Amino acid sequence: MYGELTPLGGGDPIPLLKKQLLIGRRESCDIVLRFANVSAHHCRLVLNGGYWYIRDMQSRNGVKVNGIRVQEKRVDPGDKLSVAKHDYELIYSPADLGAVGPPPADDLPNEIMTESLLSRAGLKSSDSREKAPQYAGKKADGSFRRYDVMDDDEQLKMPDRPV
């Protein structure tokens, strides 16, 4: 066991059984919180260098550490962790989990969370413009014009030739 989340409002502690844990409302999550204000995939806890890090997974109601909303942050032993409006204390011992020396920086030291799983597996291109969809529009004479997907700063390019 790598520590536990203790509900501050009462209830049984939640054991942290893996080094990466997905927290959310869905049954497929490692830690399931059955509350309407918790997103399906709310946040992720990652153990790195003996310390736990939290990352908000674009949840609607956010994640807080010691009352401050964060996107990604190291969570030290005894810190108050809020998932939506549900408060927990994170209990663990960095020394027991392999920490050596002073605590590392607040942000996650490796790039494990900066890229999607699909992208890391090679299933999704990192440049989405390469495979951007195209749309066709019908002209008055019955032929079609092609409309390419564009960025906000681009102007619409419509070729005069039929698609």
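Is K18 buried, partly exposed or exposed, at 41% relative accessibility? At that value K18 counts as partly exposed, where buried means under 20% relative accessible area, exposed means over 50%, and partly exposed lies in between (1.4 Å probe, protein chains only). The model is predicted, with local features requiring pLDDT of at least 70 and side-chain atom pairs counting only at pLDDT 80 or more, while totals for chains, interfaces and linings use all residues. Residues are numbered from 1 along each chain as its sequence is written, and side-chain values use heavy atoms, leaving out hydrogens and water.

Side chains of opposite charge can pair when their charged atoms come close. Five salt bridges are found in the structure, each being a side-chain nitrogen of Lys or Arg within 4 Å of a carboxyl oxygen of Asp or Glu. One of them joins K18 to D30, with 2.7 Å between the closest N and O atoms. K18 sits in the loop between β2 (14-15) and β3 (20-24), and D30 in the loop between β3 and β4 (31-32), so this pair ties together parts that are twelve residues apart in sequence. Strands here are DSSP runs (E, at least two residues), numbered from the N terminus. D30 is partly exposed, at 37% relative accessibility.

Turning to R74, its salt-bridge partner is D76, and the closest N and O atoms lie 2.6 Å apart. R74 counts as buried, at 9% relative accessibility, whereas D76 is partly exposed at 21%.

A further salt bridge links K80 with D87, where the closest N and O atoms are 3.7 Å apart. K80 is partly exposed, with a relative accessible area of 33%, and D87 counts as partly exposed at 28% relative accessibility.

Note on methods
Helix = DSSP H or I, 4+ residues; strand = E, 2+ residues; numbered from the N terminus.
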